Amino acid sequence: MNIYMVLSFLQIPNQHNAGAGGHQPAVFRMAVLDTDLDHIFPSSVLPPFWAKLVVGLVAIVCFARSYDGDFVFDDSEAIVNNKDLQAETPLGDLWHHDFWGSRLSSNTSHKSYRPLTVLTFRINYYLSGGFHPMGFHVVNILLHGGISVLMVDVFSVLFGGLQYSSKGRRLHLAPRASLLAALLFAVHPVHTECVAGVVGRADLLCALFFFLSFLGYCEAFRESNKEGAYSSTFWVLLSIFLGAVAMLCKEQGITVLGLNAVFDILVIGKFNVLEIVQKVLHKDKSLESLGMLRNGGLLFRMTLLTSGGAGVLYVRWTIMGTGPPAFTEVDNPASFADSMLVRAINYNYYYSLNAWLLLCPWWLCFDWSMGCIPLIKSVSDWRVIALAALWFCLIGLICQALCSEDGHKRRILTLGLGFLVIPFLPASNLFFRVGFVVAERVLYLPSVGYCVLLTFGFGALSKHTKKKKLIAAVVLGILFINMLRCVVRSGEWRSEEQLFRSALSVCPLNAKVHYNIGKNLADKGNQTAAIRYYREAVRLNPKYVHAMNNLGNILKERNELREAEELLSLAVRIQPDFAAAWMNLGIVQNSLKRFEAAEQSYRMAIKHRRKYPDCYYNLGRLYADLNRHVDALNAWRNATVLKPEHSLAWNNMIILLDNTGNLAQAEAVGREALELIPNDHSLMFSLANVLGKSQKYKESEALFLKAIKANPNAASYHGNLAVLYHRWGHLDLAKKHYEISLQLDPTASGTKENYGLLRRKLELMQKKDV
């Protein structure tokens, strides 16, 4: 191997121009450190191919249980209700919409710009032939497996340094350390949200291109020129491009450029903070001769990274348009605290909770907002101990990273802390307010730093103790327990009911947990239990307008109108632009015969949501009750313009026109509706009635039979077809369908009466024949 082509971050400090002899001790020390883990991993699994195969299989096994799960939690909004996934939406719209399908220019947009992630959802939708969750879940599981495999190379660089053979092939000088760290990453339970929740693909894709960017940056130092400076503009530019791609998958991706810069300065530039500080304090003139400061290649690369990062951020900000998103106090209560001290204490407490989730990922929850973590309002709160513990550990690690005389230890700890901290910065509230308190998904990238530090700690323990079997048992125990936890947690993410109920033991004070359980129960028809959870959600958070709205809806259906009106009135007072609550309040007021108030509520709903077809439909019903037929027809027409497939609005227009004797207009509307919704049996039924009254018996019969074929158990369909035959003179067919209708609904008085008339008529005809 040509030693002059070797670059290792294990070189002894101050030997910046060391030749072949200067490299040998570093390589030997690295071999000793990696050998300290030989009691955990035998040499048979150390070749890179087998190491990657093991890591990939373990990663897939951990989360395979979620492959047939449902769309849960945020999946509904980001996938099922996102029109950007469907072929009718032009591909170009993905570049102007946020992650949830809203226009970025809208004030209500979340501003999460992840077009490449949405594009993969769209491809999934196309290949699956619709919203079939299995295909989406399988892609997520495979992505995590692939990323875990890639981590073997990433950890190999972090632990073993950048050393290349004479053929330009990077050497794996830390096979055991990289395998252990990659396994710890692959089986970490905190990753479950990213893998088992389909929307977690944003984090997975971001991580994939993040690590490709890092490894691409490492490729810039494969060859040397005559001066010994390692540089390749192409690889640096490619790394910047991959960082931009990572950011188009999720915002965290841009932080890889900062991490690449840290890696370049510490590893390539061999920057020693302690040495520099000492020279500055002693006014050492030799500071000017430091290699890093004279390294033009380093300065050029830093300029490229800075310019590239600034350019990408500028484009991102330009696309975002109207500034950062507007979050509410329930999303991130600490950021709304008046006292800067209270904000600082709570932010640091959140950091300690994130650190605890990495250390002990046993208490996991899909959502940590809405009172799950009460604010710390005083330094006398016992939870301040967590802050002290966090900073005690961090300061200790930072001191070791900066002050250790062991260059290997110093750089490993610094890079470990860099991977832990830098990708977490966008979620730290330091630069801008974020829309969550704690989110397990944002720990996917920082967990790399945790795995580096933990692996290095195991290596250090193995080196300084004789109880190597005990350490091996601890390491294997952690891997096994984490795998088991991943399997269990993946099962909890398979359905919303399991996911929401699993959160009760972790965050019993979280109003959103109770709200989601209530919503799930209500969707299944268990209104009594749903009411109980909705009431608890409102008790925990008296300003939880969505819980009030849903509870008011259930009470409305149970005819408990007074309480429903009180809840919905309170919801719109708390949030005056809550259009859905205004509409539901109008429905309740309409039921209470308070028509003027109902009309005003509907108007308020439309004011705050101009494109609101359901509200126009309900407004039309109000006008119909008031015999304001023209206004009713106009309202329903607005509903169908905004939502052409709004079957109820079309049906009501046909029925109203039919009832008022406007048969020709009713027929025209019915035909227009069926052109837009050709398979709607209720529209067929309504139009068939109109055609029957217009004595277009043959066409009416065809529509009735088509409607019955689509919905054979509708008693009214058979009953009205019987009436048609009765008028038409086909009495035997009329008798047949009257009898079918009465079998389906024996209580239908109108059908009984008509059937009685038909029987008497048939009896008279028989007597005449006799």
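Which side chain meets E497 in a salt bridge? The partner is K524, at 2.6 Å from N to O. Keep in mind that this is a predicted model.

Now place the two residues. E497 sits in helix α19, residues 496-502. K524 sits in the loop between α20 and α21. They are 27 residues apart, and the pair links distant parts of the chain. K524 is exposed, at 54%, because the cut-off for exposed is over 50%.

Salt bridges can also share partners. Here they join E667, R671, K696 and E699 into one network.

How many salt bridges does the count come to? The answer is 27. One of them pairs R114 with E251, with the closest N and O atoms 3.2 Å apart. R114 lies in the loop between α3 and α4, and E251 in the loop between α9 and α10, so the pair ties together parts 137 residues apart in sequence. R114 is buried, at 13% relative accessible area. E251 is partly exposed, at 22%.

Next, R383 and D381. Their closest N and O atoms are 3.0 Å apart. R383 counts as buried, at 10%.

Last, the surface. A nonpolar patch covers about 870 Å². Its residues include W356, L359, F480 and V488. Which helix gives the most to the patch? That is α18, with 4 residues. Helix α14 supplies at least two. W356 belongs to α14, and W356 is partly exposed, at 45%.

Terms used
Residues are numbered from 1 along each chain as its sequence is written. This is a predicted model: local features need pLDDT of at least 70, side-chain atom pairs count only at pLDDT 80 or more; totals for chains, interfaces and linings use all residues. Side-chain values use heavy atoms; hydrogens and water are left out. Patches are made of residues with over 30% relative accessible area and no salt bridge: like charges are joined within 9 Å, nonpolar side chains (Val, Leu, Ile, Met, Phe, Trp, Tyr) within 5 Å. Accessible areas come from the Shrake-Rupley method with a 1.4 Å probe; for residues, only the protein chains shown count as cover. A salt bridge is a side-chain nitrogen of Lys or Arg within 4 Å of a carboxyl oxygen of Asp or Glu. Buried means under 20% relative accessible area, exposed over 50%, partly exposed in between (1.4 Å probe, protein chains only).
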